[in-house]
Amino acid sequence: MLSRRTVSAVLLAAAVVLAVAPVTSAQAQEDCGFEHYTDGEGNEHLVWTCTEGWSGGGGDGEWVCTTNLRGRTIRVPCIDPVLGWFTNALGGCYIRPAIPQPPADDPAWQGHDPTDGLIYVARCFAVDGVDGMPYVQLPTTLFFPVGEGVVGDLIEQAIALLPLRGADIQLAPDPSGVGLVGLPVWMWTPVTESTWGPATASLTALGITVSVEANAERITWAMGDGAQVHCDHPGTPYHPDYRADESPTCGHVYTEPSRSLSSGRYPITATTQWLIEWRIEETVIGGTVPAERTSSASVRINELQVVTS
Amino acid sequence: MATALALVLGAAGCSASPEAGGELPDLPATLPSATVDPAEAAAIAEILAAFDGFRRAEVAIQANPEPAYLALERLGEYLADPLLGLALFEVETMHRRGVVRAGEPTWAPTVTELRLDGSPPTATVRDCLDATGWELADRDSGGPTTAESEGLPARFAPDRYVMEFNARFVVDRWLFDEARVERNERC
């Protein structure tokens, strides 16, 4: 059964905010926002524009960050539905994962492993102005592990709500019994939200909701005899009607008995590779992050005894 | 092989509704196919089809702007960052301001450069966008409004624009990731 775990983590997230981010309790600046502006030379900019100067009054209570631009403190939305979330990294930037993510051999990764994080599009405030107005520069790309700043923390908290586990290892022959050299071993896991997905969760804090969904992509079975079996499938449960057939989806055949091991059994490790998709609701901000969960079992394999008369 | 084609293969006079669009002047016609190798010809056809898809999506979305996150899937079929982010920001601005773009433009893309041996393969597309019949209007009243007053780029004014787009091949399709208006040129 699928379940959606929802946590309203205002207090928890607020504690993070106070510890990490340059966020004030101030409300949004009234009548301010980013606008397109085309200068006299035809160059397009995104400028921060206020109808009543930059020291405007209260807003509607949205989550507000502060930054210092050209000697003045201004309050900007911590989340923009297109630009991303605000971080004081690099002097004040909006960042969100690039769409699509560049291929693994793209120079944008700058040597980072794509499984360690994401390439973000960053729009950073410039130190100068365009016709007197603050503006964000043309986007650059940056690598960050999963997330950065308070929003990155919220994403990680939402991911932590997912009930991800390794496979609930099922084997034929049953681990309490004995298998035989040359006969197929079947491996599988029952499909639940925790073992194969989809598993979903969401977390609401600071006026945003982070939703996450995880799906298993593969189980790698290390069979204890040096073999690694990659199964892009949870496996097929064995039934006695299958007799000595091989599993149609995930199986292995031992060629040596397990008696030479000190335990007398082959240790089996199943590593489930999860892909977690996260997104901030009602924005274009989202990304993916891989995860692994491991579980283990063992099996005893004997030689096949041939009886002759 | 580093191929930089001096190609001007085009689909002149494209329009959101074919019957509404007239032929644009001074646009290059299709070159004889004998000058183009089959792989390049196939790539050019794919690029022009993608460009047509992008323009049609743009027209449909700007006729009734929704929040950007609802336009992401459709625009993401044709655009990549940073152009995707820019297009989404425009849609978000139009939605927030209550502005629509009424009428229909015509467009006439040509592939002017193709680098199939690049990693990734890239291309340059040159377009003549005739937006003279594609005008900003207030969503509620239907009355006219201007790009400047609505916080939109100057290229939203009803006019003709020579534009150049960068395209790159990503996984299984061509995506446009940069665009610029050639201000000193007319079409």
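**Note on a two-chain predicted model**

1. V171(B) is exposed, having 8 other C-beta atoms within 10 Å. Here a residue is buried if 20 or more other C-beta atoms lie within 10 Å of its own, exposed if 12 or fewer, and partly exposed in between, with C-beta atoms placed from the backbone. V171(B) sits in the loop between strand 8 (160–170) and strand 9 (173–181) of chain B; strands (E, at least two residues) and helices (H or I, at least four) are DSSP runs, numbered from the N terminus. Its phi is positive, about 60°, although V171(B) is not a glycine.

2. On conventions: this is a predicted model, in which local features need pLDDT of at least 70 and side-chain atom pairs count only at pLDDT 80 or more, while totals for chains, interfaces and linings use all residues. Residues are numbered from 1 along each chain as its sequence is written, and chains are lettered from A and ligands numbered from 1 in the order in which they are written.

3. L206(A) also has a positive phi, about 55°, and is not a glycine. L206(A) is in the loop between strand 15 (199–205) and strand 16 (208–222) of chain A. With 21 C-beta neighbours inside 10 Å, L206(A) counts as buried.

4. Two cis peptide bonds deserve a look. One joins A172(A) to P173(A), with omega about 15°, and P173(A) belongs to the loop between strand 12 (170–172) and strand 13 (178–180) of chain A. Another joins D81(B) to P82(B), with omega about 5°; P82(B) is in the loop between helix 2 (68–75) and helix 3 (83–97) of chain B. Most residues other than glycine have a negative phi, and most peptide bonds are trans.

5. Strands 6-7-8-9-11 of chain A, in that order, form an open antiparallel sheet (two strands pair if DSSP finds at least two bridges between them). Strand 6 (79–80) and strand 11 of chain A are at the edges with a single partner strand each, so one side of each has no neighbour in the sheet. Strand 9 (residues 118–124) of chain A is largely enclosed by the rest of the structure, because six of its seven residues are buried. Five bridges link strand 9 to strand 8 (residues 93–97) of chain A, with A122(A) as the bridge partner of I95(A) and Y120(A) opposite P97(A). Five bridges also join strand 9 to strand 11 (residues 140–144) of chain A, where T141(A) is the bridge partner of V121(A).

6. Contact between two residues requires C-beta atoms, placed from the backbone, within 7 Å. Between the chains, it takes 16 residues from chain A and 22 residues from chain B. Strand 2 (residues 32–38) of chain A gives the largest share of the chain A side, three residues. Within chain A, 14 residues of domain 1 contact twelve residues of domain 2.
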